[in-house]
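This report describes the fold, the pocket and the cores of one protein. Please keep the sequence and the structure in view while reading.

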Amino acid sequence: MNIQKPNIVIVVQGENFFNFFKNEVEKIWPTHSIYFLVNYSGQVLYKFNYPANTDLLEFPYITEPSWKNYKEDIGYVWHLENKETVKTDYSNTAILKSAEKIIFMCPFLCSADAAAFEILINQTLDKADKRCLYCSAESFDREKIKLSMKNPVAITDEFFQNTLKFHTAKRFFEYNFNFNSCILFRYALQKAGVLNNDFVFTKYVFQIFYTLKNKSDFSNDDMHNMIYYWKGTGLYPEASSLYSPTIVKNLIDAGLIEDNGNGTEDNKHYDFTKQGKALFKFINPECWDIDMLGKLIVWQDNWPESKKEMEDYLVQFFRKQMEFNG
């Protein structure tokens, strides 16, 4: 890279955040060359990388999460020139290695964003170093944003690390739940005649599927409300997911539920299909735990001390299913 001035890379969680920062950063660092790197959080850019060869693994199998590597992707880096952003073809690796400072900027710091930043740095620089800072205004107020930009904080800061660990615990659970689910529910799905090889019983998909077991003519709104306001037995915190449309779509695409024609275009009604009804015969009813999602919140709050308890839960959950299917 032929960069004449010292280089600052500003990591943002989407192109729409350019406008919150670009009019101020040149004033703060007038002697630097400013680059924006778009680093999407969630499962948009970073997806789980599961072991390819399962023959030699002993199940239930618990391990640290691994991520598919996108470090050579290009097209997410933008150069700031005279308050305008120009798209470049620099790779994440090249631009980050050239940086004098790497600054993660967000109006609000959430755990998913913190985790996405950590993955980006680990994949491109192996680990975070003293160049990595963050600015979080905790507001869309212009003055607060400017103040946070003038006072960036190291990502070793307690607030950043506490925010990060909440998501670290969630991803540890999801990675291991999803991977074991892919392998250990395969027999049950095949016996029930579920032909969609891409279907996975994730934690939410499994729980809502089993919670609906004795219901019929349930609506789209019924399922969305269950997912968004997951109350459990009341012994644990209420859980929630913003991905209810995806969860419902997964059940439909797998052929487990189908539109029964009783609803409207905006709120369709469903019943279990023949395959959906059959699948219950091959699932250990003891795996149904309406408090699983609330327990996960408690484990997240107490991470990493809760790791052993989480591991034990996952092993017991999938061992029940293994023994049920022989």
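## The largest pocket

Five helices, namely α3 (111-125), α5, α7 (203-211), α9 (244-253) and α11 (292-301), each supply at least two residues of the lining of the largest pocket. Helices (H or I, at least four residues) and strands (E, at least two) are DSSP runs, numbered from the N terminus. On a 1 Å grid over the protein atoms alone, a pocket is an open set of points where a 1.4 Å probe fits, with protein on both sides within 12 Å along at least five of seven lines, and lining residues have an atom within 4 Å of a point.

Helix α5 gives the most to this lining, with seven residues. The space in the largest pocket is about 1,400 Å³, where volume is the space filled by probe spheres set on the grid points, joined across faces, edges and corners. Of its 43 lining residues, K170, R171, E174, K203 and Y243 are the closest to the centre.

## Basis of the model

This is a predicted model, in which local features need pLDDT of at least 70 and side-chain atom pairs count only at pLDDT 80 or more, while totals for chains, interfaces and linings use all residues. Residues are numbered from 1 along each chain as its sequence is written, and side-chain values use heavy atoms, with hydrogens and water left out.

## Overall composition

The protein has 12 helices and 10 strands. Of its 326 residues, 48% are buried, meaning under 20% relative accessible area (1.4 Å probe, protein chains only).

## The nonpolar cores

A nonpolar core is a set of buried Ala, Val, Leu, Ile, Met, Phe, Trp, Tyr and Cys residues joined through side-chain atoms within 4.5 Å. The largest one has 53 residues, and those with the most contacts inside it include F173, I208 and F317. Helix α5 (residues 158-184) is the main contributor to this core, with seven residues.

Not counting residues up to four places away in sequence, I208 touches M223, M226, I227, W230, I247 and L251; contact means heavy atoms within 4.5 Å. A second, separate core of 23 residues includes Y35, L37, L96 and L109.

## Strand β2 and its partners

In strand β2 (residues 33-38), six of six residues are buried. Two strands pair if DSSP finds at least two bridges between them. V12 has V38 of β2 as its bridge partner, and Y35 stands opposite H79 in β3.

How values were computed. Buried means under 20% relative accessible area, exposed over 50%, partly exposed in between (1.4 Å probe, protein chains only).
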